[in-house]
Amino acid sequence: MNITFAYAVTTILAATLTADTENPTTTSTLIETSNETTDVFNSSVLAAENESSTQESAPSSRRQTYQPLVSTEAKELVLDIIYCGLLPVVCVFGIVGNVMSFVVLYIQGSKERTNIILVALAISDTLFLITTLLRKVNHLVSKVDKNAAFDVNMIMQAQVMMLNMLFGRITSALTMLIAIERFIAVYFPLKAQFLLTPTRVKFAVVFLYVTLCAAFAPLLNLYKITYVFSKRQQRIIPYIRVTQFYIDNADFFDVYLDQFLNIMFRYIPIVLVCVFTVLVVLRIKRSSVWRRKTSQNADKTKDEDRVTNMLVLVSCLYISCLMPGTITVTLRFFIQGFNFVGRYSNLFNLMGGFILLLECCNSSANFMVYMAMSKKFSSTYKRVFLCRSPQARGLDVTASQNTLASSLSTIAK
């Protein structure tokens, strides 16, 4: 019997986490004995826990005989570097940067439509990074206590995994909204002020948040934690199990998870971002000469150009960081065994680590983009967080010069 998508996720989580803290043979045992009923799943878990010593010594007739492209040792080493070294640093840096971005953009106000979208983007990016840390915190905990790491990860994965997916897809939708807004602003500059009012942009942002939350809400009821006694560990341990709600609607959720959500909130956003970003770049290049020769509203044109260039860079960063994941998700439909448990599982899981790191980089880098390309953002940041505005520094320099001049005059007298 084929393992359905959501149940495969449950089984793989249990198998992977058990393999991380127990022994590598548990993974194949769980996958081979899994079924589409909760009772069989629980019995498989208990069998894997309570009879692991027998499994370690007895060879399996169904053991894979092919040579993997990436060895298990190499995969675990690279993923350990990513999850214990690179990912926490990127996430912490991104959380701090997004919080500062939110404060600066909030102070600048909602009169500018781009600020509204960027505030919403800072929120989704922050929540995505926080949930990513929660999902992968077990790798750090495992360096101290493997049993605690196992428990923490099982509990977190039951709900945090879906929340992490939700906030990641909200970021995609908001980036798509940025690309559409810049397309209208560049191609229809006179109509943009009437089509894209702050009120309409706020409505669009709220609509995206509500729509995505509604789309992902049923997924929060697919998994739950059950506690079982492990004879080998001599303690009660948590395990993920599918709910009756999923079992009653298994066929629907298989299509909904693996096809509908991917098409609607992964493929469509990245395709639209690519298309609108390319069109905006082409229009900017064609009109750059004319803009330089136009003297009317030159300052306003320069400001609009800087905003456009900044948002185009945000879109390009999104494409660069999300495209590898989109390609990987697509390849698993065409390459047999390129999935969590197939022939190329080590390569697939290794790619998953890099993809998650890239998505975190996308959610962490916007603050640097704003600082580098927006004078208004940089000025507000310095005024808020350094407590000194450029005008104040200019006055301080003038006052210092006047004081120095007075001192020299006194000495001369």
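**Entry 1, nonpolar patch.** I began with the surface and found that helix 5 (72–108) and helix 6 (113–141) each supply at least two residues of the nonpolar patch, helices being DSSP runs of H or I with at least four residues, and strands runs of E with at least two, numbered from the N terminus. The model is predicted, so I kept in mind that local features need pLDDT of at least 70 and side-chain atom pairs count only at pLDDT 80 or more, while totals for chains, interfaces and linings use all residues. Residues are numbered from 1 along each chain as its sequence is written, and side-chain values use heavy atoms, with hydrogens and water left out.

The patch members are Phe102, Tyr106, Ile107, Ile123, Leu127, Ile130 and Leu134, with about 580 Å² of accessible area together. The rule takes residues with over 30% relative accessible area and no salt bridge, joining nonpolar side chains (Val, Leu, Ile, Met, Phe, Trp, Tyr) within 5 Å and like charges within 9 Å; areas are Shrake-Rupley values with a 1.4 Å probe, and only the protein chains shown count as cover. Helix 6 gives the largest share, four residues. I checked Ile123, which lies in helix 6, and found it partly exposed at a relative accessible area of 34%, where buried is under 20%, exposed over 50% and partly exposed in between.

The mean pLDDT (the predictor's confidence in each residue, from 0 to 100) is 79 for the protein, and 74% of the residues score at least 70.

Leaving out residues up to four places away in sequence, I listed Ser101, Leu105, Leu118, Leu121, Met310, Val314 and Phe377 as touched by Tyr370.

I also looked up Met368 in helix 14 (residues 366–373), whose C-alpha atom is 9.5 Å from that of Ser101, 267 residues away along the chain. Thr380, in helix 15 (residues 375–385), is buried at 7% relative accessibility and, beyond its neighbours within four places, is in contact with Val104, Ile107 and Gln108.

With a Lys or Arg side-chain nitrogen within 4 Å of an Asp or Glu carboxyl oxygen as the rule, I counted six salt bridges. Lys143 pairs with Asp80, the closest N and O atoms being 2.9 Å apart; Lys143 lies in the loop between helix 6 and helix 7 and Asp80 in helix 5, so the pair ties together parts 63 residues apart in sequence. Lys376 and Glu112 meet at 2.7 Å, N to O, and because Lys376 lies in helix 15 and Glu112 in the loop between helix 5 and helix 6, this pair ties together parts 264 residues apart in sequence. Finally, I noted that Arg113, Glu181 and Arg182 are linked in a network of salt bridges.

Key:
Buried means under 20% relative accessible area, exposed over 50%, partly exposed in between (1.4 Å probe, protein chains only). Contact means heavy atoms within 4.5 Å.
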